[in-house]
Amino acid sequence: RTWSPARARRVNCSRRACLVARFGCIFAQERLDAECALRSFICNMEMVQRIIYIAVVESFRAAKMAFWKIKINVKEALAINHLGPGSLEAAALDYIVCHKDLYDVFNSVHEVICSMNMNTMISCPAVVDFIVISTLIRELCSVAFSMQTLVPPLDIACGVDGELFNSTMYYRSFDSDFTAPFVAYHIWPALMENGAVLVKGEVVTKK
């Protein structure tokens, strides 16, 4: 099909909308399923929510790293015969979108679980195997990887405990102290595009 900048923008917007919606669905479904799975081993709900937040952050990190490596290899392969009309960068993104099997999502899941096992911020019984939330991690890695093929790519905002609550970036959880000005911990990250908030995250505020 003839390359067209207008068509490329329409396709990008359509894929963007689908991925943003999928991110919201993961929050509404897979996140809750993961909470239930972890609550079988961990009584402390705060720790459960912290673990899931860390899983989101690590999933995006692993997916972005995998995408970066794949894009380098694809650009090197396409550069040999690339003549346009689009840029080599656009051609590489199109190729990755059409060849989703280039991404080994299960390897990313393994990386995320290994990283979580070494995370000193996670305090839970030794019997807990993070494989129980592998479905959540797999879905997050898949959507995070696909978000890197957008122009511009989408990413999450990584929060820090104790930061000043930002109402443009986060919702407060129902059990928060609504008068507290600082974030006690994060439940879900905000989805960002070029520094602008697309979807608010969720935090707990306490004094």
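Predicted model: local features only at pLDDT ≥ 70, side-chain atom pairs only at ≥ 80, totals over all residues.
A residue is described here as buried when its relative accessible area is under 20%, as exposed when that area is over 50%, and as partly exposed in between.

The strands β1, β4 and β5 form an open sheet in the order β1-β4-β5, with antiparallel pairing. Its edge strands are β1, covering residues 154–156, and β5, covering residues 196–199, each of which pairs on one side only. From one strand to the next, the twist averages 45 degrees. Between β1 and β4, the latter made up of residues 191–193, the antiparallel pairing extends over 3 bridges, and within this pairing Ile-156 has Leu-191 of β4 as its bridge partner.

Strand β1 also takes part in a side-chain contact with a helix. Asp-155 and Lys-64 meet in a salt bridge, with an N to O distance of 2.8 Å. Because Lys-64 lies in helix α3 whereas Asp-155 belongs to strand β1, this pair ties together parts of the structure that are 91 residues apart in sequence. Asp-155, with a relative accessible area of 26%, falls between the limits of 20% and 50% and is therefore partly exposed. Lys-64 is likewise classed as partly exposed, its relative accessible area being 30%.

The accessibility of the two partners can be given separately: Glu-58 counts as buried at 12% relative accessibility, whereas Arg-61 is partly exposed, with a relative accessible area of 38%.

A further salt bridge is formed by Glu-30 and Arg-22, for which the closest N and O atoms are 2.7 Å apart. Glu-30 has a relative accessible area of 14% and is accordingly buried, while Arg-22, at 27%, is partly exposed. Both residues belong to a network of salt bridges in which Arg-22, Glu-30, Arg-138 and Glu-139 are linked.

Methods
Residues numbered from 1 in each chain as written. Heavy atoms only, no water. Pairing = 2+ DSSP bridges. Helix = DSSP H or I, 4+ residues; strand = E, 2+ residues; numbered from the N terminus. Axes fitted to C-alpha atoms, helices over the stretch in contact; angles between N-to-C directions. Salt bridge = Lys/Arg side-chain N within 4 Å of Asp/Glu carboxyl O. Buried < 20%, exposed > 50% of the residue type's maximum accessible area, 1.4 Å probe, protein only.
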